[in-house]
Amino acid sequence: MDWGMKNRFSRLFNQKSGKTVLFAVDHGYFMGPTTGLEDLGAAVKPLLPYVDALMLTRGALRSYIPPQADIPIILRVSGGTSILNKELLREGVTVSMEDAIRLNASAIAFSIMVGADFERDTLLAFTRVINEAERYGIPMLAVTAVGKGLNRDARYLSLATRIAAELGARMVKTYYCEDFERVVNTCPVPVVIAGGKKISEKDALQLAYNAIQAGAVGVDMGRNIFQSEDPVAMIQAVRAIVHENIPVDEAYEMFLNLKAR
Ligand code: R5P
């Protein structure tokens with residue numbers, strides 16, 4: 001890794017714990033005005049002090065985040081389909097490397113679909129973007145998307161994450177599953193988990209806790225934070241699990257106390 005790559009990559013992590021709380025608000029590129037992100041700027045602003053990096057699209061960054069914001073950006077550079085499309089996540093490249101640099105991205109993100117009929121398309125587009133990104137020292141976060149009919153189990157997720165890393169991703173985002181140690185231990189680059197659909201706050205905290213215990217370097221959560229009854233309280237509880245390694249009951253109590261204030 002050269003200096004620029006190392007510098008961008010290290011900005012994504014908390015220097016003390018070595019772990020990371022990434023906040024995903026990129027849903028609009030395929031889901032439109034997702035519940036909780038109708039006004040993305042207002043939703044994100046109070047959470048910024050508690051997150052290590054923000055994952056979003058070019059349009060959301062330009063429209064909703066003030067350029068003065070002191071937050072590393074993970075720029076989504078894949079897309080092209082919506083939730084209305086049968087081939088959801090048959091994604092291609094949506095942002096040029098030039099624009100990623102112009103937007104001062106600390107990293108870029110691309111969804112790959114291992115196991116789908118169009119797997120080859122997404123994997124080759126993904127590697128083309130990595131080739132360019134590496135030239136400029138920009139790390140790629142691979143998002144291992146899971147389509148209908150594919151199992152979110154350790155066998156499938158370790159296959160997808162390992163492929164992403166071997167093709168050149170510097171970090172991989174995947175879903176938590178049973179035997180998650182296998183996913184982490186067979187992936188040569190750091191792994192973060194997505195939160196997925198909204199579940200109860202306690203269950204979401206448990207998910208984050210389990211992932212960290214299994215060796216994940218952090219979380220890249222979206223809906224379980226911005227759709228929480230109290231997003232600011234929730235992000236602080238997640239943060240305490242990731243960076244301070246506190247148990248779930250304590251984190252949940254922290255959430256309830258902060259929410260009550
Ligand atoms: C998935 O392709 C996108 O990156 C999502 O925005 C991301 O996974 C969202 O996180 P969550 O599932 O926690 O809402």
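User: Is Phe 9 buried or exposed?
Analyst: In this predicted model, Phe 9 has a relative accessibility of 12% and therefore counts as buried. The cut-off for buried is under 20% relative accessible area.

User: And what about Phe 13, buried or exposed?
Analyst: Phe 13 is buried, at a relative accessible area of 13%.

User: How many aromatic pairs does the structure hold?
Analyst: There are 6 aromatic pairs in the structure. One of them joins Phe 9 and Phe 13.

User: What is the geometry between Phe 9 and Phe 13?
Analyst: The pair is edge-to-face, with the ring centres 5.2 Å apart and an angle of 65° between the planes. Planes over 60 degrees apart count as edge-to-face, so the angle of 65° places the pair in that class.

User: Switching to charges: which ring does the charged end of Arg 152 sit over?
Analyst: The charged end of Arg 152 is placed over the ring of Tyr 175, at 3.8 Å from the ring centre.

User: On to the ligand. Which residues come nearest?
Analyst: The ligand has 16 residues around it, and the nearest of these are Asp 26, His 27, Gly 196, Gly 222 and Arg 223.

User: How does that shell divide by class?
Analyst: The shell consists of 6 nonpolar, 5 polar and 5 charged residues.

User: What does the side chain of His 27 do there?
Analyst: An N or O atom in the side chain of His 27 lies 2.7 Å from an oxygen atom of the ligand. The backbone also takes part: a polar backbone atom of Gly 195 is 2.9 Å from a ligand oxygen atom, and for a polar backbone atom of Gly 196 the distance to a ligand oxygen atom is 2.9 Å.

User: How much of the ligand does the protein bury?
Analyst: The protein buries 96% of the 360 Å² that the ligand exposes when taken alone.

User: Now the backbone. What is the phi of Asn 104?
Analyst: Asn 104 is not a glycine, yet its phi is positive, at about 60°.

User: Where is Asn 104 found, and is it buried or exposed?
Analyst: Asn 104 lies in the loop that runs between α5 (97–102) and β6 (107–112). Its relative accessibility is 60%, so Asn 104 counts as exposed.

User: And the phi of Asn 245, what is that?
Analyst: Asn 245, also not a glycine, has a positive phi of about 60°. Asn 245 is placed in the loop between α11 (231–244) and α12 (248–260).

User: Why does Asn 245 count as partly exposed?
Analyst: Asn 245 counts as partly exposed because its relative accessibility is 47%, and that class covers values between the 20% and 50% cut-offs.

Methods: Residues numbered from 1 in each chain as written. Predicted model: local features only at pLDDT ≥ 70, side-chain atom pairs only at ≥ 80, totals over all residues. Heavy atoms only, no water. Phe/Tyr/Trp six-rings, centres within 6.5 Å; stacked < 30°, edge-to-face > 60°. Buried < 20%, exposed > 50% of the residue type's maximum accessible area, 1.4 Å probe, protein only. Lys NZ or Arg CZ within 6 Å of the ring centre and 35° of its normal. Near = heavy atom within 4 Å. Polar contact = N/O pair within 3.5 Å; in protein donor to acceptor, adjacent residues only side chain to side chain. Areas by Shrake-Rupley, 256 points an atom, 1.4 Å probe, with all protein chains shown as cover. Nonpolar A, V, L, I, M, F, W, Y, C, P; charged D, E, K, R; others polar. Helix = DSSP H or I, 4+ residues; strand = E, 2+ residues; numbered from the N terminus.
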